[in-house]
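Subject: Structure handover and notes

Hello,

Here is the structure for your files. Please open it first; my notes follow below.

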Amino acid sequence: METKTNPMRHLDKLKIHYETVHSEGEFINGLEMAKANGQDPSRVFKTLMTMGREKCYYCFLVPVSGDLDLKKAAASVGEKSVSMLKSDQLLPLMGYVHGGCSPLCTKRPVRITIDSTAQDADYMYFSAGKVGWQLKVNVSDLPKMMDFQFADVRKPLN
């Protein structure tokens, strides 16, 4: 029996088609998980929660084949700087745990930015809100499921 997460319920309510991917095991990072699932790492996005001004939160989705460029991220949302939320802040502030953050159904409102590499793709994967679970969605459906912007916020992995 499949686990239904809040992001899945959200998409069901909106009647947006999605596929789920469940991965068992311990993965060090999203790139390792994408490779284990035979997914194109440029289509698998990690969800990174940040904070700017006090109590101003931002969510950035970047491909697992890259990382978040904090300077580009801050500029994209009109901040001087943003900092990553610490793992122990995720659950109380966003309602998610590290490795299971979704841009959908966060506990507090967040401004969502998706790296511009997703713009020309047919589909993308991102967290379904639980560790080991992903949603595969059509990029064309993104405006129906969330308020977001595209921006160049990625830097290649070192």
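A disulfide here is a pair of cysteine sulfur atoms within 2.5 Å. By that rule, the count is zero disulfides. C59 is in no disulfide: the nearest cysteine sulfur, that of C101, is 7.9 Å away. That distance is too far for a bond.

Some ground rules on the source. This is a predicted model, so local features need pLDDT of at least 70 and side-chain atom pairs count only at pLDDT 80 or more, while totals for chains, interfaces and linings use all residues. Residues are numbered from 1 along each chain as its sequence is written, and side-chain values use heavy atoms, with hydrogens and water left out.

Burial of the cysteines comes next. Buried means under 20% relative accessible area, exposed means over 50%, and partly exposed is in between (1.4 Å probe, protein chains only). C59 is buried, at 0% relative accessibility. C101 is buried too, at 6%.

**The sheet**

Helices (H or I, at least four residues) and strands (E, at least two) are DSSP runs, numbered from the N terminus. Two strands pair if DSSP finds at least two bridges between them. Five strands form an open sheet with mixed pairing, in the order β5-β2-β3-β6-β9. β5 and β9 (148-151) stand at the edges with a single partner strand each, so one side of each has no neighbour in the sheet.

β2 pairs with β3 through seven bridges, and the two run antiparallel. β2 also pairs antiparallel with β5, through two bridges. T50 shows both pairings. Its bridge partner in β3 is Y58, and its bridge partner in β5 is M84. β2 is mostly covered, with five of its seven residues buried. The hairpin of β2 and β3 has five residues between the strands, and there K55 takes a positive phi near 60°.

**Salt bridges**

Side chains of opposite charge can pair when their charged atoms come close. The rule used here asks for a side-chain nitrogen of Lys or Arg within 4 Å of a carboxyl oxygen of Asp or Glu. By this rule there are five salt bridges.

- K46 and D67 meet at 3.6 Å, N to O. K46 lies in strand β2 (residues 45-51) and D67 in strand β4 (residues 66-68), so the pair ties together parts 21 residues apart in sequence. K46 is partly exposed at 23% relative accessibility, and D67 is partly exposed at 29%.
- E79 and R53 form a salt bridge, with the closest N and O atoms 3.0 Å apart. E79 lies in the loop between α3 (70-76) and β5 (83-84), and R53 in the loop between β2 and β3 (57-63), so this pair ties together parts 26 residues apart in sequence. E79 is buried, at 10% relative accessibility.
- D141 and K144 meet at 2.8 Å, N to O. D141 is buried, with a relative accessible area of 10%. K144 is exposed, at 54%.

T113 is in strand β6 (residues 111-115). T113 is buried, at 0% relative accessibility. Its side chain makes a polar contact of 3.0 Å with the side chain of Q149.

Q134 lies in strand β8. Q134 is buried, with a relative accessible area of 6%. A polar contact of 2.9 Å joins its side chain to that of Q39.

**A surface patch**

Patches are made of residues with over 30% relative accessible area and no salt bridge; like charges are joined within 9 Å, and nonpolar side chains (Val, Leu, Ile, Met, Phe, Trp, Tyr) within 5 Å. Accessible areas come from the Shrake-Rupley method with a 1.4 Å probe, and for residues only the protein chains shown count as cover. L91, V97 and V131 make a nonpolar surface patch of about 250 Å². Of these residues, V131 lies in the loop between β7 (123-127) and β8 (133-138).

Best regards

Key:
Polar contact = N/O pair within 3.5 Å; in protein donor to acceptor, adjacent residues only side chain to side chain.
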